[in-house]
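Hi,

Here is the complex I promised to pass on.

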Amino acid sequence: ADKVTFGTNWLAQAEHGGFYQAVADGTYAKYGLEVTIVPGGPQSNNRMMLAAGRLDFYMGGNLLQPFSAVAENIPVVVVAAIFQKDPQAILSRPGQGLDTWQDLKKARLFVAREGLVSYFQWMKGAFGFREDMTRPYTFNVAPFLADPQSAMEGYITSEPLAVEKQGGFRPNVFLLADYGFDTYSTTIETRTDVVAGKADLVQRFVNASIIGWYNYLYGDPAAANALIKTANPDMTDEQLAFSLAKMKEYGIVDSGDALKLGIGAMTDARIKHFFELAVKSGLADAGLAYTRSYTLAFVNKGVGLDLRR
Amino acid sequence: MSGLTSGASRSAATPLAAPAAISLIGVGKSYPSGTQALDGLDLVVRQGEFLALLGPSGCGKSTALRIMAGLAAPSSGTVERHIGAADGASIGFVFQEPTLMPWARVAANVRLPLDLAGVGRAEARRRAEEMIERVGLAGFGRAYPRELSGGMRMRVSLARALVTRPHLLLMDEPFAALDEITRFRLNDDLLALRAAFGCTIAFVTHSTYESVYLADRIVVMSGRPGRVTDEIVVEAPGPRTAAFRGTAGYAEQCRRAFAAVAGAAAASEPR
Amino acid sequence: MSGLTSGASRSAATPLAAPAAISLIGVGKSYPSGTQALDGLDLVVRQGEFLALLGPSGCGKSTALRIMAGLAAPSSGTVERHIGAADGASIGFVFQEPTLMPWARVAANVRLPLDLAGVGRAEARRRAEEMIERVGLAGFGRAYPRELSGGMRMRVSLARALVTRPHLLLMDEPFAALDEITRFRLNDDLLALRAAFGCTIAFVTHSTYESVYLADRIVVMSGRPGRVTDEIVVEAPGPRTAAFRGTAGYAEQCRRAFAAVAGAAAASEPR
Amino acid sequence: MRLGHGARILSWAMPVLAFAGALLAWDLVVRLNGIPPFILPAPALVAATLVSDWPILSASLWVTLRTTLEALVVATAGGVALAVVFAQSRWIALSFYPFAVILQVTPIIAIAPLLLIYLSPDAAVLTCAFVVAFFPVLSNTLAGLTSVDPNLRDLFRLNRASRLAELLRLRIPAALPSFLVGLRIAGGLALIGAIVAEIAAGSSGQGSGLAYRIVEAGYRLNVPRMFAALALISIAGVVIYGSLALLSHVLLRRWHDSTVARDG
Amino acid sequence: MRLGHGARILSWAMPVLAFAGALLAWDLVVRLNGIPPFILPAPALVAATLVSDWPILSASLWVTLRTTLEALVVATAGGVALAVVFAQSRWIALSFYPFAVILQVTPIIAIAPLLLIYLSPDAAVLTCAFVVAFFPVLSNTLAGLTSVDPNLRDLFRLNRASRLAELLRLRIPAALPSFLVGLRIAGGLALIGAIVAEIAAGSSGQGSGLAYRIVEAGYRLNVPRMFAALALISIAGVVIYGSLALLSHVLLRRWHDSTVARDG
Ligand SMILES: Nc1ncnc2c1ncn2[C@@H]1O[C@H](COP(=O)(O)OP(=O)(O)OP(=O)(O)O)[C@@H](O)[C@H]1O
Ligand SMILES: Nc1ncnc2c1ncn2[C@@H]1O[C@H](COP(=O)(O)OP(=O)(O)OP(=O)(O)O)[C@@H](O)[C@H]1O
Ligand SMILES: [Mg+2]
Ligand SMILES: [Mg+2]
């Protein structure tokens, strides 16, 4: 079997479930792959490791970084997009006059540095949010809970549970995708030389991963969850269940184009639209050859559609 | 101090009858290292007296002086000090080493006790200047200690001790690093100062000549542990001037003092 | 050194005719602070000679000694040193301050030059022990410098300088902090050492008595800037023992030396 | 200082009292302001968590402590070695000290990714921790090495001491007090360095240290556990400092002014 | 040291040569290994970026420098004040030094959220930077304050100097050399502190500092700009250190062993 390393962008969690599923149920093995998942973390640098050739595949967060990669001549390309919607959301406390998207402009916003230089620029350009209202979010929810007049970023699949458990209230959740931030998320990236030289390997990895995701969403996720908990001992069953439920509820993985083309689907139109959004928000240059940031050669083949239940 | 107004010519009788300024009674001192520096030391410094401490190196003179000043506590015995705490900074102390503040110029070092006593700036500066000149360092007021020779440093230390015109002056070999000419001049200055202000002086010296020339009384110590082995009351017929050094009495008393020190040294030997 | 094998009784003539060990020719020295410490100093130390440097405090004796040792470079003039660099650590130097390593015990301080010269451990220990005893500090080998009195520290420094039995011995007021008894004993020790090993000695002292007792030749300096104002060749009829101190010649030469120093001091005054 | 029996008890009682007072103040602040445990847990809760989560926390503590000690050793050795090199000549110091300063001010988060590309995770962590902790050792040791009593230096020169002998017998002992101050600073910094390095360069997973616990607990809003981990770090810091202070005292006891007490 | 003309030129030439050599080595490593610019850009590229992005970078530099200087002032003042308090008595030092150690070892990322709750962002940033930088000042100053020549202390006691007078005229001048070593360490730490604090607690907006630039450039994979920002931090660190070293030299020039040169 071909040895393959896949770097994620966070600690093992349900949002990576399909990949673990493919490891756990032998899908990768069936496709002749021996996959090692390298979890990321708050300061992990798996993206650079991919560029440097230390990893074969990397799990990207959204499309902005691939655009940057083109701008910086980094030979990396997106080969599949597992999440049709970015789970990135803004959370606020209900009943504090922060109950609509427009209200959020009055709130103190806890945004991580990475968010500030990405989606927040879009919020700024498209809706008039201001940077001086932001505070750094260091993945600690306490400041948000302490300040009723604040809002914070979070993954829709994760933070709401923590807030509900600790703060004792169910937060308002504003999914950025619902307000126009239509990037793909949880992509599979690899280097151009891999695409050129080992197209077959890439295809096998993409296909097996897609199948893993179908099985994680619609089959029995227990084996994958067990693997996740081994990789991240602090992960709880409650959290795993919550995340899975939310992914289904919001159609994070299996919605839109994916319903027809299968999980992992990408379309030129969608990417073009997001690129124009990025240009308007100052996140990319209008002249950028953004089409070089992805390839549709490995997706939209309807792989695994039969597994949906 | 009242008994002492007649200048340099005074009989030795007065201070010997004067009340005690400091009494050490049965004082012992042992250091943490285990050395027994003093044991059963009885020593009285009378008011207005000029007392010399003689003794072999390491016999405990500095230790005794520090106890007198209250800088060290005795391990046993009692210390009585009858110097009015009322009259301000009245102890002048000359350490065996110059003990200057390396970051301060000579003038600032000498001025220190005045500054600490709250004397006005101009006044302090004037008095320090005068004292610096007195010890032969005119023109060195703006020098730093490390730019001075060993003897010059010691003179700065001396100037600092004298600048407050203290009532009690404790000096640990103040003149050891000086040439004889400077030494003689400072000896005379000290006598004049003492005559003018009637201060009480206890000082350590290794020169028997100096001790006889200056002191009313010489206490000879021997070491290991330090105790008093001899006491010489110096008889000076007239004023103590260079002429005194020429008298037969002076020579005779020097011989006596030397013999006493030699005896003390011999006593110290078989530790 | 060959001219010097007959022990303590030798005529003063031999060393005066001996070749120079160190010559300072027209040496000037000014410090960064601007002080002109020396100016046009001519001074020759002959091989096997015992030279005393006398002079008022601050006249540049220590500076001259440091230049002789090569520890300071003259600002002008030349220094010639004719001591074979071949024969190992052959300079012993006693600083005006004890200059001990505070972190090392007395024994280690004294042993230092031997250790640096690569002398074997046991041998070094033995010789240091012996020298410590020589300076009257038997039993203090394991003490730290700060547990010693001022005079004791100076004796450690002395022991350190002597322990290598150096061919050239430069000493800056080595006995100033010592009582007369110890001082006399060490004086005699020094004479004996010199007699036994024929070393060249230059030393600074403030005691004219001591200079006459010890030296073959006394150079008197005056200050600001430092220069040689007088030179006295000491005549000693017999061996230099306590008896020498009783002779009329001794007293007369002491007077002459004193007068020379007084003259130098007067010359230094109007800076 | 010779302490009487009473004074000796006091010397233990006072710190304990101060500590107890601090805990009490903390408790009161939490109680009176009604601060919820997810913002600032009360000390009793932290203590309880410390006990209940001990299996997890102790394992992490052990990981962090090992990194800390390794970092301290490496930082000390490196700092001293650099100081010795820099003390050799003004040229060397002038030429290469700037690089030491650059190393000191380089943000770990920025260089960690680079290190991770070229080093193993363990080596990267150690390098980061070293970068954080070495500078005070270097600075203080260098200051000590270059402030030697000039007369003693002359003495060594007169005795034709080799550079090595001068270093070993003169400069290093003279620098000891100053070095030890630097070491005491480095003790705490090594701990911080271990934590920062773990966050910036650490591989996550099984053998994760306290930093990981803190981030993870913070992420999951398990604030009591986060504070328990912080408490462990604090205790470790104080213990490390105390040990180094004791070492200092033992080494300098007999000859240095700061420790030799004067009676009076 | 009195330098001849040649030596004086050397004292400038050597550091410049060393620096040039380092740049060359960097360039060669990049060139020979064919390291792509998105991993490690060559120095020329970094310099070009520094020039081209100067408008953005200079604004950020200015923000970071302001925080750094504020942090340095606060850390120095705080460190010295604490040292003075601790020097007053053994009891105080024994009782409260542990808290200073705890403050030193507390990870900023852990306390920043707490600070953000109760402080304004500016105050939070300053607090974080202070926590990072104060300890070396405290440690070194305290060491200096407590290693005073015992005879000088006795002299002050004999002259019935008030505690204040003893502090101002004796302890503080005596502690100056040691304090200045601490200050030089704190200079770099204040810079690090400003950067860490900016990441952990800083408000954003137009006036964002170099830390933000680094994160941003990192996110955008604009590695040359990231290195340009790092270069600015390095230069700032060296300049700060140099200024503090110069200050040190000026203050101690005339009396301290480390700076008074011996001729010979
Ligand atoms: N700090 C100390 N710790 C331990 N022992 C000490 C200390 N100071 C002095 N001693 C010991 O106490 C004894 C007396 O010392 P002291 O300084 O009083 O002598 P001294 O008479 O002044 O000698 P000198 O004439 O040489 O100055 C000596 O044996 C010395 O070793
Ligand atoms: N490091 C220095 N910097 C500036 N001036 C100095 C320095 N050392 C000595 N001097 C000056 O040089 C002159 C001679 O000093 P030196 O130490 O040689 O005198 P000395 O004859 O040894 O005096 P003493 O008998 O007092 O020891 C003095 O005026 C002194 O102020
Ligand atoms: Mg003494
Ligand atoms: Mg001298």
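The predictor gives the complex an ipTM of 0.86 and a pTM of 0.88.

**How the chains meet**

Eight pairs of chains are in contact, and the pair sharing the most contacts is D and E. Chain A does not touch chain B, and their nearest C-alpha atoms are 48 Å apart. Chains A and C have no contact either, with 48 Å between their closest C-alpha atoms.

The average pLDDT of chain D is 83, and 90% of its residues score at least 70. Within chain D, helix 2 (residues 43-52) has the highest confidence, at 91, while helix 5 (residues 108-118) has the lowest, at a mean of 76. There is one stretch to watch: over residues 259-264 of chain D, pLDDT stays under 50. The model still has 22 contacts beyond four places in sequence for that stretch. Where pLDDT is low, the predicted coordinates should not be read in detail.

**Ligand 2**

Which chains does ligand 2 lie between? Ligand 2 sits between chains B and C, with 22 residues surrounding it. The closest ones are B:Ser149 from chain B, plus C:Lys61, C:Ser62, C:Thr63 and C:Gln96 from chain C. By type, the shell around ligand 2 divides into 12 polar, six nonpolar and four charged residues.

- a polar backbone atom of C:Gly58, at 2.7 Å from a ligand 2 oxygen
- an N or O atom in the side chain of C:Ser62, at 2.6 Å from a ligand 2 oxygen
- an N or O atom in the side chain of C:Thr63, at 2.5 Å from a ligand 2 oxygen

On its own, ligand 2 has 630 Å² of accessible area, and the protein covers 91% of that. Two elements give two or more residues to the shell around ligand 2: helix 5 (150-162) of chain B and helix 2 (61-69) of chain C.

**The magnesium ion**

Two residues named above turn up again here. The protein donors of the magnesium ion (ligand 4) are C:Ser62, through OG, and C:Gln96, through OE1, at 1.9 to 2.2 Å from the ion. C:Ser62 belongs to helix 2 of chain C, whereas C:Gln96 is in the loop between strand 5 (91-94) and helix 3 (106-116) of chain C, so the pair ties together parts that are 34 residues apart in sequence.

Cheers

Technical notes
Residues are numbered from 1 along each chain as its sequence is written. Chains are lettered from A and ligands numbered from 1 in the order in which they are written. This is a predicted model: local features need pLDDT of at least 70, side-chain atom pairs count only at pLDDT 80 or more; totals for chains, interfaces and linings use all residues. Side-chain values use heavy atoms; hydrogens and water are left out. Contact means heavy atoms within 4.5 Å. pLDDT is the predictor's confidence in each residue, from 0 to 100. Helices (H or I, at least four residues) and strands (E, at least two) are DSSP runs, numbered from the N terminus. A residue is near a molecule or strand if one of its heavy atoms lies within 4 Å of it. A polar contact is a pair of N or O atoms within 3.5 Å; within protein, one must be able to donate a hydrogen and the other to accept it, and residues adjacent in sequence count only if both atoms are side-chain atoms. Accessible areas come from the Shrake-Rupley method with a 1.4 Å probe; for residues, only the protein chains shown count as cover. Ala, Val, Leu, Ile, Met, Phe, Trp, Tyr, Cys and Pro count as nonpolar, Asp, Glu, Lys and Arg as charged, and the others, Gly among them, as polar. Donors are N, O and S atoms within 2.8 Å of the metal (3.2 Å for Na, K and Ca); water is not among the atoms, so sites may look incomplete.
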